[in-house]
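These are my notebook entries on one structure. I looked up the nonpolar core and then the surroundings of the ligand.

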Amino acid sequence: MVDLLLTPEQQRYQELARKFTREKIIPVAGTYDRTGEFPWPIVEAVKEIGLNCMTAPKEYGGPELDSLTISVIVEEFAYGCAGVATTLGGNGLSSYPVLIAGNEEQKRLFFGTLVAGGLGGFALTEPGAGSDAGAVATVARRQGDEYVINGTKCFITTGAMADIFIVFASTNTALKHRGLSAFIVEREREGITIGHEEHKMGIRASNTVEMRFKDVRVPAGHLLGREGEGFKIAMQTLDMARPIVGAIAVGVARAALDECINYVKSRRDGGRPLASEQLVQFKLADMAMKVETARLMVRRALALKGAGLPYSKESAMAKAYAADVAMEVTAEAVAIMGALGYSKDSRVEKLMRDAKITQIYEGTNQIQRIVIANHLLRG
Ligand code: COS
């Protein structure tokens, strides 16, 4: 069905991503889910269709896609596998701080690496700084023409595989969140070690690790913006990234709905097709309305962003709503399919596990509600 809310160019990208998902992601999604291996062949293949770094500006060799177009593509990838979509989305997340605050030289370094096929990582979260992002304890001390970074990050997506990172560290701990700064740190810098790898419930095709920084030296020119601007850069990055998580959630929910539709059309119980039961029909209708609403919220947030208007609240709403929808719709799909839905032989079992992370990462849904309420109550 043609999506009339999209431009012809966006529809072309949607078709391209849909074909890629059908051919390269869906056939192997179950295998990656079982093995937890990193999907290198898909990372390689996405380069061939020019979507490995969708945010990269044209002057650095990228396609410079707007966020709404990116959300359309990501929904398709997530329809195939949310773990793969999370892996492929890492370059977008890590590139936002550079787009927000990077100078010419920093953009050339960062996007040069990613456009050539490298992977980016976003290192904000720490054992003592998850929801309270301002509590980052990693420090960066200026020494001559360099900064020396010390600290531990955790739950870093693609951490063990990425070539270049955005690392948040405090340049003045007394200033709390106002002392945070953001740095570009290449993987090959001495002093970086990869620690514990998470064995996750879902999105198992994505790599999630602890990272330790021990006297890691980076040139002073790797500081993004000015000292103390790190927290704002992180918050603006999350504003940009949250609707993309919403798009992942929409992809997961849509996949669960489609699985359910196929199931009830083929299954007969007591001699009657399940699809003829009004109870089932009502459930499917509710699921479909939620999926469509979540997608509209994602697109509304990104349309506001594209128009240069404030969109923090709408970004948080889109992420939280779409993630809740993904959880509800996948759980409903498991319920409708009953014992088969609960079996590892069904696709909806994986979808339900994958859906859960969308309520957690890039700010829990509770954090999104704090952001939304702060906007509602302000002024
Ligand atoms: N854009 C720009 N600036 C922002 C901002 C935004 N969206 N949100 C907050 N700020 C600024 C505020 O203006 C304020 O600036 P000043 O210090 O100059 O006054 C500062 O940041 C602190 O704002 P606030 O007081 O609202 O921060 P809190 O610590 O109360 O709350 C939350 C911030 C909880 C919203 C934040 O820590 C957060 O998003 N946490 C979740 C982190 C997260 O998503 N982690 C996921 C890991 S990354 S995959």
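**Entry 1: the core**

I looked up Phe 77 and found it in contact (heavy atoms within 4.5 Å) with Ala 17, Phe 20, Thr 21, Ile 25, Val 46, Leu 51, Met 54, Ala 85 and Leu 88, leaving aside its neighbours within four places in sequence. The model is predicted, so local features need pLDDT of at least 70 and side-chain atom pairs count only at pLDDT 80 or more, while totals for chains, interfaces and linings use all residues. Residues are numbered from 1 along each chain as its sequence is written, and side-chain values use heavy atoms, with hydrogens and water left out.

I then noted that Phe 77, Ile 149, Phe 183 and Val 185 touch the most other members of the largest nonpolar core, which has 117 residues. Such a core is a set of buried (under 20% relative accessible area, 1.4 Å probe, protein chains only) Ala, Val, Leu, Ile, Met, Phe, Trp, Tyr and Cys residues joined through side-chain atoms within 4.5 Å.

**Entry 2: the ligand**

I found 19 residues around the ligand (a heavy atom within 4 Å); Ser 131, His 177, Arg 178, Asp 239 and Arg 242 come nearest.

I looked up polar contacts (N or O pairs within 3.5 Å). A ligand nitrogen atom lies 2.8 Å from a side-chain N or O atom of Asp 239. Ligand oxygen atoms lie 2.8 Å from a polar side-chain atom of Arg 242 and 3.0 Å from one of Lys 232.

I recorded the shell by class as 7 nonpolar, 7 polar and 5 charged residues.

Notes
Buried < 20%, exposed > 50% of the residue type's maximum accessible area, 1.4 Å probe, protein only. Polar contact = N/O pair within 3.5 Å; in protein donor to acceptor, adjacent residues only side chain to side chain. Nonpolar A, V, L, I, M, F, W, Y, C, P; charged D, E, K, R; others polar.
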